[in-house]
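Subject: Structure for your review

Dear colleague,

Please find below the structure that I am handing over to you. I would be grateful if you read the notes that follow with the structure open beside them.

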Amino acid sequence: MSKAAEIDIASVSKVYGTTTAVHAISLKIPAGSYCCFLGPSGCGKTSTLRMIAGHESLSSGDIRLGNVVITDFPPARRGTAMMFQSYALFPHLDLVDNVAFSLKMKGVQKEERRAKALEMLKLMQMEAYATRRPAQLSGGQQQRVALARALITDPEALLLDEPLSALDPFLKIRMRAELKKLQKTLGITFVHVTHSQEEAMALADVIVIMNDGRIEQAAAPRTVFEKPATAFVARFMGDHNVLSGRVTSIDDGIVTLTVPDGQIFSVRDIAQEIGKSIDIGIRTDRVRLEPASEKSLGFQGVVANVEYRGASVKITVIGAGSDDFTVVVSDADYFTKPVSTGDALSLSWAMEDVIPLGRLSA
Ligand SMILES: Nc1ncnc2c1ncn2[C@@H]1O[C@H](COP(=O)(O)OP(=O)(O)OP(=O)(O)O)[C@@H](O)[C@H]1O
């Protein structure tokens, strides 16, 4: 296998007619890492992947793979390989010929390309099916063949566009583990586009969260979850409450934030100006069902909904300017003091659990 290569995306934009799909993004994807592009539909993740692959031209900027600027290279000369969402296997060819296809295009002799294709099918544990056609395989097996076909060119980076979306939920989780294992075995850079937070968290060394053609945050899954950079990231990753308010006083480093019907205090220097709007995040599992003390923060609200989830219970609360402030407590904690819809309750959390979120507005 080839060596892994860093992918350097420098100020890359993509404009389609009047739509700017990607706004001058810059990102370095470390060599040998598993990188997931995550974001809502239309945020520009597929356009970015296709520009790395060479299936879409750049409107501006440059892309480097290792030491080589590949911006103007055709797909086959880039050192990348792409696996498509639909797998794009040829129905009339058997698996060996499907996998060997790109070598045939390169003029590699039949014996040599068939031997290499069998080696790749073996890597994906599909050699027993070598003479079958794609229609005679399950979804998971087709995916393995598509992977074998992408890997036969010894790419430095493998690009995967929603690779698990065609699979049923059970297979999705199994193939997810196989992808991760394959990336570790090969050691090459994987770039995987997904709209599933869970998938990105499970697979990635680096998650790149995109919104409206821009990168909101690029970091390790734990950083993204524990320190979301913006309100968008906190909301999109889920399991966080986002409260917005105005700074009403700053005293000795303690910022007082006033939300429409309550007060939240933060010890951190999250905004310097009185009157400025700010967003803060609080994890749903860090909220306690007890009144705030001097050392903690909180508000009083009214229970809007209670959802039993087995090991935990999710309580939705109206208050502090939010109509869906969410608290997740363990089943044990909940059942010692259950609450129902319409009950008034006090919520609190520790000051250190307040996450200041970026992109402040005036
Ligand atoms: N060939 C095209 N011509 C015109 N506009 C396009 C083209 N391809 C994408 N777009 C637009 O660019 C924006 C980004 O699209 P892109 O496919 O990159 O998003 P995405 O995040 O991958 O979305 P999805 O998850 O739905 O695939 C969208 O507004 C889309 O409509």
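The residues around the ligand are Y16, T19, A21, G39, S41, G42, C43, G44, K45, T46, S47 and H195. Please note that the model is a predicted one. Sorted by class, this shell holds 3 nonpolar, 8 polar and 1 charged residues. Helix 1 (45-53) and strand 2 each supply at least two residues of the shell, and the largest share, 3 residues, comes from helix 1.

The annotation comes next. In an unreviewed UniProt entry, residues 7-237 are annotated as "domain: ABC transporter". In the model, the end C-alpha atoms of this span lie 25 Å apart.

As background, strands of a sheet pair through backbone hydrogen bonds, in either a parallel or an antiparallel sense. Within this sheet, strand 1 (residues 7-16) and strand 4 (residues 60-65) pair in the antiparallel sense over 5 bridges. S13 stands opposite S60 in strand 4.

A further antiparallel pair is formed by strand 12 (residues 254-259) and strand 13 (residues 262-266), again over 5 bridges. These two strands form a hairpin, with 2 residues between them. T256 stands opposite F265 in strand 13.

Two residues deserve a separate look for their backbone angles. Most residues other than glycine have a negative phi. A24, however, has a positive phi near 40°, and its place is in strand 2 (residues 19-29). E162 is not a glycine either, yet its phi is positive at about 45°. E162 is found in the loop between strand 7 (157-161) and helix 5 (169-186).

Are these two residues buried, exposed or partly exposed? A residue counts as buried if 20 or more other C-beta atoms lie within 10 Å of its own, and as exposed if there are 12 or fewer. A24 has 15 C-beta neighbours inside 10 Å and therefore counts as partly exposed. E162 has 19 such neighbours, so E162 counts as partly exposed too.

Yours sincerely,
A colleague

Definitions and conventions:
Residues are numbered from 1 along each chain as its sequence is written. This is a predicted model: local features need pLDDT of at least 70, side-chain atom pairs count only at pLDDT 80 or more; totals for chains, interfaces and linings use all residues. UniProt positions are given in the numbering used here, feature names are shortened, and annotations may be inferred rather than shown by experiment. Helices (H or I, at least four residues) and strands (E, at least two) are DSSP runs, numbered from the N terminus. Two strands pair if DSSP finds at least two bridges between them. A residue is near a molecule or strand if its C-beta atom, placed from the backbone, lies within 6 Å of it. Ala, Val, Leu, Ile, Met, Phe, Trp, Tyr, Cys and Pro count as nonpolar, Asp, Glu, Lys and Arg as charged, and the others, Gly among them, as polar.
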